[in-house]
Amino acid sequence: MTNFQNPIDPPEIVKGWIDNKVHHGKGKEIPVFYPGNGSQVSVLVEDTEDDIDKAVESARRTFDKTDWSKLSVEKRIEVLEACRQVILDNIDELALLECLGTGLILREIKGFHLQRAAYNFRFFAQYISQAHGERYDNTDGYLTLVNREPAGVVGLIAPWNAPMALATMKIAAAVAFGNCAILKPSEQTPFSLIKLATLLRDVLPEGVLNLVNGRGPVTGSSLVSHPGIDRISFTGGTVTGRQVMSDAGKQLTPCTMELGGKSANIVFASADYERALDGALIGIFSNNGQQCLAGSRILVQEKIFDKFVEEFVQRTKKIKVGDPLNDKTEIGPIASKQHMERILSFAENAQKEGDKVLVGGKRLSDQKTGFFIEPTAVLASSNNSKVCQEEIFGPFASFVPFKSEEEAISIANDTEFGLVSYIWSDHMPTIMKVSESMRSGVVWVNTPMMRELRAPFGGFKNSGVGREGGYSCEQFYTEEKTVSIPKTPLNLKKFGDEL
Ligand code: NDP
């Protein structure tokens with residue numbers, strides 16, 4: 001049995017970050033584990049209500065009493081570019097810390113997650129250099145301008161599955177539009193984001209980026225419920241999202257919600273078969289299968305169903321699961337023991353409920369310490385099966401056959417979620433009809449994943465509220481103010497004067 005090494009010597013204790021200084025929270029100590037060997041590697045000091053008060057005071061002070069929110073666009077672009085450079089200059093250490101928290105494959109962290117994290121800052125630098133406003137002239141002689149002003153103090157809540165890539169989208173947008181931010185990473189994966197906050201102390205003035213640590217129902221909920229917060233940007237599960245929106249609603253705090261998914265990956269007989277097969281494997285097994293946009297329900301047209309499923313299973317059997325530090329690894333560990341057990345329970349129940357486990361479904365037999373499972377595929381008895389309706393959030397695919405376009409559309413939309421749909425076909429009328437019929441915020445045609453940051457990203461139905469992306473973020477992280485000015489003095493009604 002192998003016991004994989006920690007990627008990096010872990011920090012003994014993880015604390016918060018307020019006013020560009022380490023902050024020792026008032027709450028309890030929470031253990032943090034490395035998913036690759038299951039061992040406790042550190043403790044995190046939880047921030048409680050008093051600590052959130054301090055973080056909000058600090059951010060408020062900077063927002064209200066310094067010139068941060070009024071910086072020129074040129075200066076703000078310099079700040080964003082400097083943040084990007086900090087990530088690139090520290091990419092090795094940040095990557096190892098991200099791996100320590102998440103168990104994601106180091107090669108992918110360096111090659112994708114951190115490149116994206118750095119690019120998020122460049123993207124918003126480019127975006128604000130092009131930002132333009134609205135003006136309206138009217139025949140009564142008024143000029144009306146629409147100003148976009150920073151929203152204020154924003155709370156950013158990030159999940160554990162891609163901490164750097166997802167949280168930096170929020171941080172970069174908050175900074176680009178002149179806000180002060182308080183970030184709460186998942187308590188399971190604090191290492192890379194606390195390191196980033198520390199590294200940014202030479203670039204961001206104190207109070208612009210504070211970071212609080214702790215569990216969602218304690219630290220997260222105190223942040224969301226705080227009356228000094230002007231926006232909440234949340235990425236996480238649908239159940240948590242409902243709670244967060246309800247807590248924020250008490251203060252009428254606007255929220256964006258990037259939530260879960262159970263996305264349909266629809267493969268038509270008219271598809272480029274090999275590309276569709278590759279795409280289906282990438283769609284479900286990338287990022288250790290732990291991604292909101294995973295193509296987890298694979299719908300395949302009957303004519304090619306048996307062959308496609310058989311080849312998918314054969315390829316799945318060859319996937320290399322193991323040490324996230326090994327360059328050859330394709331799937332690493334699941335992020336926590338509790339999550340691993342939850343995924344495995346779907347495979348156990350599937351058989352009882354009439355589904356058929358085609359491959360996988362077990363913990364890796366030579367790996368009893370790390371949280372490794374066999375990549376799994378199930379033939380669902382129908383789309384009503386649990387494995388087709390619940391977000392499993394792991395390397396776990398469910399197959400369902402369909403006959404016609406109409407049936408594919410009906411099955412694909414038969415879910416509470418609506419984040420992404422994948423369509424594989426070389427027949428243009430099919431592509432047009434099916435993409436227009438999808439009840440999802442994003443449709444990918446003949447490609448497994450394509451995130452265009454200028455375009456909105458987010459979900460229909462229970463997959464989200466609001467969107468992230470260039471213009472969507474501009475709207476969310478700013479307040480609109482309408483200013484009307486007469487171009488020449490107007491004749492006003494003289495109250496109290498003789499008529
Ligand atoms: P959770 O919903 O469990 O947690 C998300 C974040 O919210 C964590 O930081 C968590 O803290 C925090 N949190 C939990 N409870 C509360 C609360 N009451 N108030 C405030 N904050 C709270 O999601 P996971 O971390 O398990 O992430 C996986 C989920 O995220 C999946 O459903 C996935 O689909 C979704 N996701 C969506 C994306 C999208 O863009 N649509 C992208 C990536 C993931 P802690 O963990 O410390 O308890």
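Colleague: Which residues do ring pairs link into a cluster?

Modeller: This is a predicted model, in which local features need pLDDT of at least 70, side-chain atom pairs count only at pLDDT 80 or more, and totals for chains, interfaces and linings use all residues. Residues are numbered from 1 along each chain as its sequence is written, and side-chain values use heavy atoms, with hydrogens and water left out. Rings of Phe, Tyr and Trp (its six-membered ring) pair if their centres lie within 6.5 Å. The cluster linked by such pairs consists of Y119, F123, F124, Y127 and F177.

Colleague: How are the rings of F123 and Y127 arranged: stacked, edge-to-face or tilted?

Modeller: Planes under 30 degrees apart count as stacked, over 60 as edge-to-face and the rest as tilted. The structure holds 14 aromatic pairs. In the pair of F123 and Y127, the ring centres are 6.3 Å apart and the planes stand at 40 degrees, so the pair is tilted.

Colleague: How many residues apart in sequence are the parts that the pair of F268 and F402 ties together?

Modeller: The ring centres of F268 and F402 are 5.2 Å apart with planes at 75 degrees, so this pair is edge-to-face. Helices (H or I, at least four residues) and strands (E, at least two) are DSSP runs, numbered from the N terminus. F268 lies in the loop between strand 13 (264–267) and helix 9 (273–285), while F402 belongs to strand 17 (residues 396–402), so the parts tied together are apart in sequence by 134 residues.

Colleague: Are F268 and F402 buried or exposed?

Modeller: Buried means under 20% relative accessible area, exposed over 50%, and partly exposed in between (1.4 Å probe, protein chains only). By this criterion, both F268 and F402 are buried.

Colleague: Which atom of the ligand lies 2.6 Å from a polar side-chain atom of E187?

Modeller: A polar contact is a pair of N or O atoms within 3.5 Å. A nitrogen atom of the ligand is 2.7 Å from a polar backbone atom of L259. For the polar side-chain atom of E187, the ligand atom at 2.6 Å is an oxygen.

Colleague: Which element gives the largest share of the shell around the ligand?

Modeller: The elements giving two or more residues to the shell are helix 7 (216–225), strand 11 (231–235) and helix 8 (238–249). The largest share, five residues, comes from helix 7.

Terms used:
A polar contact is a pair of N or O atoms within 3.5 Å; within protein, one must be able to donate a hydrogen and the other to accept it, and residues adjacent in sequence count only if both atoms are side-chain atoms.
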